[in-house]
Amino acid sequence: MGELSVIEKRHVFDHVFNQYDTMRTGEFTPVQLQILHGDLRIGGISMPQVLASLAYTCATDMCSETELYDALQEMDRRYFLVQDLRWEFSMLDRTQTDLITEEQARWLVQTVHGRYFSKRAWEEFLLRRAVPGSGVSFAEIEVLLCDIPSRLKLEKENKDDDREKEERLRRQRELEEEAEKQRQRLKKEKEENRKKKEQNKKKDDDERRKRELEDDERKKREEEERRKREEEEEAKRLKELEEEEERRRKEEEEKYKDVEKVKEDHIKEEERKEKETEDELNRLKKRREQENDEKRRKQLEDEEAKMSKLYIEHRNKRVRYQLKVAIKSRDKFKLEYSVTEFKKYNLEDTDMDLQKAQRLIKEFTAKDNLKRAMTKREIEELEQAMNFVKKNGFEAQLAGEMQEANQMLSRLKRLERIRHEILELKQSTVAEIRSYSKPPLVVHTVMTVTLLILGHKEKDTKDWKAVQALVGKTGKESLKRQCVQTQAAKIPIAIAKRAKTLLDKFELDEVRDVSAGAATFYVWAITMVEEALDVQK
């Protein structure tokens, strides 16, 4: 457009405005504005370009008379820019499809806008596309190419971007803080759940251990009661056997009270005859050896044979009578001597006296073995001696000894069982005893007695810290090993009596209710004391 004066420009615009404002509204619609510009420029511009021009120059979507000049100027700018850009677009459209790629479109927009290129405007353009990623036509991109942002707009966009970035960062921080709070809450809940599970597990474990201890104690009590019943039944049986054997012996003694005297007389009589026949036999033998007459020697030999037969008869009678007396007297030395003579002369056991004597000797041997085993107080040897008695049927004859041996075997087995329990005692149980800062009186007393039996002085156990130190020792000096290795026979009688006095203040159930570990040492200590006192007897 040529240069006009202000008055001329005013007259022209008034004339043009009135010519195209047919409705006399005082405003142009976008269509009216497009028609006006199309009359001025061949072909005009597209409606999107018109709307973009209105948005850029006018206050509303209608164009007033005062805004018409600026609107036409903007529309002219776009008109001429489009002419140039069409050529640029066609250079990129090598396939002649009137389409270019999104990457090419971005390059074109960035080239046209230069340093005023707006990433936000480009991103908004991509979001508005009906088919993202498809080819871009010129009509689709022409408005964006002509909408060159101003510096102020870019600054505003940058500020908006900064605000958005700050907002995103703020929201990100809030999300992170919320996430951290959530994480801490979950961590706290997890920790609480873990502690709750541990508490429940500990409670369950404690209840399980308590049930196991109760079951063990119940089984031990049942086993102890069973053993006691068996011991009582065995003692009763042996007592009955002993009484029966005693009655039998008395009856036998009463029946044969005069037999021994008669037998002794018979023995003396036979000894006298045996001596006389032996002397006569020696005399005949001497005469035969001195005799020269063959006929007389033959007579002497016959007499010697008869005398020898008579001698053997008297000797055998003496041996038989002597064995019977030995059986009646139940004298082991006499029995062994008589049995030896009986076997030496190869006598026939017509009265079964040899069998009776041998059985008596075996009975005395069983009794001696039993006493020796009881003296040694060793389980294996005592069981072997008792089994020998049972195997050979001497329970009735040795009922008293067997009853005493049974009681001793029961104590020894109980002691061995308790030693095993001490050895199998968990270190945690010992640690539980040691963990007391102020132990219950029953625990302190039991551990005092335990250490007293192991050889420590009572005054050294008054201070619980000293007891803790002794209980906490390991290796060869550990409490468990010392308990297992201690022998009841070596405990001084004074220590055993003092330990019994201290232990008599408490019952096993009372100790067990306070500490299972202390209860084990209580049973060990009281068993050792009983064994030591029995050994001293």
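The model is predicted, so local features need pLDDT of at least 70 and side-chain atom pairs count only at pLDDT 80 or more, while totals for chains, interfaces and linings use all residues. Residues are numbered from 1 along each chain as its sequence is written, and side-chain values use heavy atoms, with hydrogens and water left out.

**Overall form**

- The secondary structure of the chain comes to 21 helices and two strands, where helices (H or I, at least four residues) and strands (E, at least two) are DSSP runs numbered from the N terminus.
- The radius of gyration, taken over C-alpha atoms, is 65 Å, well over the 24 Å that the globule rule gives for 537 residues, so the chain is more spread out than a compact globule; that rule is 2.2 Å times the number of residues to the power 0.38.
- Along its principal axes, the C-alpha trace spans about 210 × 65 × 40 Å.
- Of the 537 residues, 34% count as buried, a term that means under 20% relative accessible area, with exposed over 50% and partly exposed in between (1.4 Å probe, protein chains only).

**Helices α4 and α5**

- Helix α4 (residues 68–92) packs against helix α5 (residues 102–113) at an angle of about 145°, with the axes 11 Å apart; axes are lines fitted to C-alpha atoms, for helices over the stretch in contact, and angles run from 0 to 180 degrees between N-to-C directions.
- On the α4 side the contact (heavy atoms within 4.5 Å) is made by L85, E88, F89 and L92, and on the α5 side by Q104, W107, L108 and V112.

- Just after α16, G455 takes a positive phi of about 110°.
- L451 lies in α16 and is buried, with a relative accessible area of 1%.
- Leaving aside residues up to four places away in sequence, L451 touches H456, T461, V467, L470 and L479; L451 and T461 are 10 residues apart in sequence and 7.7 Å apart in space, C-alpha to C-alpha.
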